Amino acid sequence: MSIHVVDFGAFSINLPDVSGESLHILSKQLKTAFTEVGFVLLTNTGISHEEVDRVMDISKKFFLQPDELKQPFSRNSFAKIPNHGWVSLETERLNQRRPGDLKEAFNIVSLQPDIRWPSGALKSFQETHTSFYLHCKELAVRVLRVMAHSLDMDPEVFLSAHRHVGSENGTTLRSLYYPPVISEEAKKDQLRCGEHSDYGTITLLFQGSEGLQVLSRSGEFIDAPCVPGAVLVNIADLMQRWTNDRFVSALHRVLLPPPGDSSTRQSAAFFLHPDDDALITCCDGSNKYPPVTGGAYLTERFNNSHRA
Ligand SMILES: O=C(O)CCC(=O)C(=O)O
Ligand SMILES: [Fe+2]
């Protein structure tokens with residue numbers, strides 16, 4: 001099994017729309033990837049390699065500051081948007097059977113003007129991330145349209161549940177930083193990012209370097225390709241449930257670097273979530289999973305993955 005590469009140029013975010021014929025071809029390709037693997041690598045999406053580099057450069061400047069300068073941005077310190085903000089090293093454990101992940105993250109959940117953003121030398125942080133967030137949102141909506149088409153569904157079923165991205169909605173742009181690891185100091189079974197599947201509808205993942213592994217259906221972890229300018233897109237758990245298990249949400253992880261390798265790693269993930277009040281019911285009319293709202297589902301999943 002491998003992760004398929006799909007040329008998304010016909011529906012790039014720089015184009016006004018997609019032709020019927022291209023939509024048909026893309027939907028066949030995404031259907032195969034999402035039913036067999038749960039991950040696909042898209043090229044020519046219209047989000048440039050340079051833009052991703054800018055996001056990673058400014059994020060790295062933030063992460064390399066001393067903790068006391070990052071503390072005012074901590075996750076859980078923003079009223080009404082508890083998931084927004086900085087997550088310190090080893091705070092999150094995506095696999096409950098392992099110690100905390102050896103990563104730091106910055107979650108952007110709200111684009112509202114009243115949010116406190118890094119300033120001074122980091123004043124471009126807000127603009128860089130806001131513009132990237134909006135491009136990711138545009139691409140994610142296009143991927144949803146192709147997915148709906150591939151299942152012979154009215155695209156509004158997916159789109160109408162994502163009307164409030166950036167406000168009453170848990171969609172999150174997350175910059176991730178994996179600092180150098182001293183192997184002897186890592187705890188037993190500790191990873192950079194423990195085995196998990198994502199919570200929402202789909203995730204767009206931009207890797208700065210290799211490191212992501214995806215569990216194949218045959219039960220082995222395979223290395224996800226890292227191609228500059230390409231975007232990994234994966235199905236998340238709520239989408240698996242929504243499609244009554246037709247599209248699969250695959251476990252993935254990031255291992256520690258080999259002993260003696262002191263490199264850092266960066267990535268950026270755009271987790272698309274349905275609106276807080278959108279009711280998700282199996283799209284084929286079955287009742288295999290009870291209806292759940294986007295907000296309630298996400299709250300339950302967060303409660304299981306954070307220490308605090
Ligand atoms: O850093 C990566 O490549 C993966 C991160 C990830 O899977 C996540 O944060 O959900
Ligand atoms: Fe993930």
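# Reading a predicted model

User: What makes Arg93 buried or exposed?

Analyst: In this predicted model, Arg93 has 20 other C-beta atoms within 10 Å. The cut-off for buried is 20 or more, so Arg93 is buried.

User: Where is Arg93 found, and how far is Arg93 from Cys193 in space?

Analyst: Arg93 is in the loop between strand E3 (85-87) and strand E4 (104-108).

User: Glu90 is in the loop between E3 and E4. Why is Glu90 called partly exposed?

Analyst: Glu90 has 15 C-beta neighbours inside 10 Å. A residue is exposed at 12 or fewer and buried at 20 or more. The value for Glu90 lies in between, so Glu90 counts as partly exposed.

User: What is said of the phi of Glu90?

Analyst: Phi of Glu90 is near 65°, which is positive, and Glu90 is not a glycine.

User: Where is Asn76, and what is its phi?

Analyst: Asn76 sits in the loop between helix H3 (67-70) and E3. Asn76 is not a glycine, yet its phi is positive, about 85°.

User: Is Asn76 buried, exposed or partly exposed, and why?

Analyst: Asn76 has 13 other C-beta atoms within 10 Å. Exposed would need 12 or fewer and buried 20 or more, so Asn76 is partly exposed.

User: How do you know that the span of helix H2 agrees with its number of residues?

Analyst: Helix H2 covers residues 49-63, which is 15 residues. At 1.5 Å a residue, H2 should span 21 Å. The end C-alpha atoms of H2 are 21 Å apart, so the two values agree.

User: Which residues of H2 are buried, and what covers them?

Analyst: The buried residues of H2 are Val52, Val55, Met56, Ile58, Ser59 and Phe63. Their cover includes strand E4, helix H4 (124-150), strand E5 (172-178), E7 and E12.

User: What does H4 reach from its first C-alpha to its last?

Analyst: H4 has 27 residues and reaches 39 Å, close to the 39 Å expected at 1.5 Å a residue. Just after H4, Asp152 has a positive phi of about 55°.

User: Which residues are around ligand 1?

Analyst: The residues around ligand 1 are Leu176, Cys193, Asp198, Leu205, Gln207, Gly211, Leu212, His252, Val254, Ser267 and Ala269. Strand E7 (202-207), strand E11 (252-254) and strand E12 (265-272) are the elements that give two or more residues to this shell.

User: How does the shell around ligand 1 divide by class?

Analyst: The shell has six nonpolar, four polar and one charged residues.

User: What makes the radius of gyration of the chain agree with a compact globule?

Analyst: For 308 residues, a compact globule would have a radius of gyration near 19 Å. The chain has 19 Å, so the value agrees. The C-alpha atoms fill a box of roughly 50 × 45 × 40 Å along the principal axes. The chain has seven helices and 14 strands, and buried residues make up 42% of the 308 residues.

User: What share of the contacts with a separation of 6 or more is between residues 24 or more positions apart?

Analyst: Such residues account for 75% of those contacts in the chain.

User: What confidence does the predictor give?

Analyst: The mean pLDDT of the chain is 95, and 99% of its residues reach 70 or more. For the complex, the ipTM is 0.99 and the pTM is 0.97.

Notes:
Residues are numbered from 1 along each chain as its sequence is written. Chains are lettered from A and ligands numbered from 1 in the order in which they are written. This is a predicted model: local features need pLDDT of at least 70, side-chain atom pairs count only at pLDDT 80 or more; totals for chains, interfaces and linings use all residues. Helices (H or I, at least four residues) and strands (E, at least two) are DSSP runs, numbered from the N terminus. The radius of gyration is taken over C-alpha atoms; the globule rule is 2.2 Å times the number of residues to the power 0.38. Two residues are in contact if their C-beta atoms, placed from the backbone, lie within 7 Å. A residue is near a molecule or strand if its C-beta atom, placed from the backbone, lies within 6 Å of it. Ala, Val, Leu, Ile, Met, Phe, Trp, Tyr, Cys and Pro count as nonpolar, Asp, Glu, Lys and Arg as charged, and the others, Gly among them, as polar. The expected span of a helix is 1.5 Å times one less than its number of residues. pLDDT is the predictor's confidence in each residue, from 0 to 100.
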